[in-house]
Amino acid sequence: AYVIALPCVDVLDRACVDECPVDCIYEGGRALYIHPDECVDCGACEPVCPVEAIYYEDDVPEQWVAHTADNAAFFTEGLPGRETPLGGPGGAARLGPVPADTPLVAALPAHPL
Ligand code: F3S
Ligand code: F3S
């Protein structure tokens, strides 16, 4: 799967969302998160991000590798502000923005990059 890493935090450009053929890029409070089981690895999102936040899972820069598991955690764990795991929502447009972030993203300073 592809992964959204730290550069997205507090930027949320959303250009990636329009490119995804399976609508698997979900909006949290401070960043967007790719559902690792819904992403079909088409790669269309990666080149359109203006801050180069998106990487194939094997190519995530070393300083941001924690974001791979963190993207998954957005769906599999209950989070502050959203106690129930999202699971596999099957479409970001239908779900809409979720007012919650993972502990990793929530703990970052404002505009970390
Ligand atoms: Fe974030 Fe880049 Fe998408 S800033 S919302 S990953 S286009
Ligand atoms: Fe969608 Fe990007 Fe995956 S466009 S299918 S999230 S590689």
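H111 is exposed in this predicted model, with a relative accessibility of 52%. The cut-off for calling a residue exposed is over 50% relative accessible area, so H111 at 52% counts as exposed. H111 is placed in the segment after α4. Most residues other than glycine have a negative phi.

A second residue with a positive phi is L12, which is not a glycine either and has a phi near 45°. Is L12 buried or exposed? L12 is buried, and its relative accessible area is 12%. The cut-off for buried is under 20%, so L12 at 12% falls in the buried class. L12 belongs to the loop between β1, residues 2-4, and α1, residues 15-19.

**Residues by position and accessibility**

The loop between β1 and α1 also holds A5. A5 is buried, with a relative accessible area of 2%. Along the chain, A5 and Y55 are 50 residues apart, while their C-alpha atoms are separated by 7.6 Å.

H67 is part of a helix, α2, which covers residues 66-76. With a relative accessible area of 5%, H67 is buried. The C-alpha atom of H67 is separated by 8.1 Å from that of L104, and the two residues are 37 residues apart along the chain.

P99 lies in the loop that runs between α3 (92-95) and α4 (103-106). Is P99 buried or exposed? P99 is exposed, because its relative accessible area is 71% and the cut-off for exposed is over 50%. From P99 to L79 the distance is 10.0 Å, C-alpha to C-alpha, and the two are 20 residues apart in sequence.

| Pair | Separation along the chain | C-alpha distance |
|---|---|---|
| A5 and Y55 | 50 residues | 7.6 Å |
| H67 and L104 | 37 residues | 8.1 Å |
| P99 and L79 | 20 residues | 10.0 Å |

**Cysteines**

How many disulfides does the model have? The count is zero disulfides. A disulfide is a covalent bond between the sulfur atoms of two cysteines. C24 is buried, with a relative accessibility of 2%. C8 also counts as buried, at 9% relative accessibility.

**Cavities and ligands**

How many cavities of 30 Å³ or more are there? The count is three cavities. The largest cavity contains about 80 Å³ of space. It is lined by 13 residues, and those closest to its centre are C8, D13, R14, C16 and C49. By class, the lining of the largest cavity is made up of eleven nonpolar, no polar and two charged residues.

Which ligand sits in the largest cavity? Ligand 1 does. There are 14 residues around ligand 1, and C8, D13, R14, C16 and C49 come nearest to it. The shell around ligand 1 consists of twelve nonpolar, no polar and two charged residues. The buried residue C8 is thus one of the residues that come nearest to ligand 1, and C8 is also among those closest to the centre of the largest cavity.

The second largest cavity holds about 70 Å³ of space. Its lining includes C20, C24, C39, D41, C42, G43 and C45. Divided by class, this lining has ten nonpolar residues, one polar and one charged.

Ligand 2 sits in the second largest cavity. Which residues are the closest to ligand 2? Of the 13 residues that surround ligand 2, the closest are Y2, C20, C39, G43 and C45. Eleven nonpolar residues, one polar and one charged form the shell around ligand 2.

How values were computed
Residues are numbered from 1 along each chain as its sequence is written. Chains are lettered from A and ligands numbered from 1 in the order in which they are written. This is a predicted model: local features need pLDDT of at least 70, side-chain atom pairs count only at pLDDT 80 or more; totals for chains, interfaces and linings use all residues. Side-chain values use heavy atoms; hydrogens and water are left out. A residue is near a molecule or strand if one of its heavy atoms lies within 4 Å of it. On a 1 Å grid over the protein atoms alone, a cavity is a set of points where a 1.4 Å probe fits but cannot get out, and a pocket is an open set with protein on both sides within 12 Å along at least five of seven lines; lining residues have an atom within 4 Å of a point. A molecule sits in a cavity or pocket if more than half of its atoms lie within 2 Å of its grid points. Ala, Val, Leu, Ile, Met, Phe, Trp, Tyr, Cys and Pro count as nonpolar, Asp, Glu, Lys and Arg as charged, and the others, Gly among them, as polar. Helices (H or I, at least four residues) and strands (E, at least two) are DSSP runs, numbered from the N terminus. Buried means under 20% relative accessible area, exposed over 50%, partly exposed in between (1.4 Å probe, protein chains only). A disulfide is a pair of cysteine sulfur atoms within 2.5 Å. Grid points are joined across faces, edges and corners, and a volume is the space filled by probe spheres set on the points.
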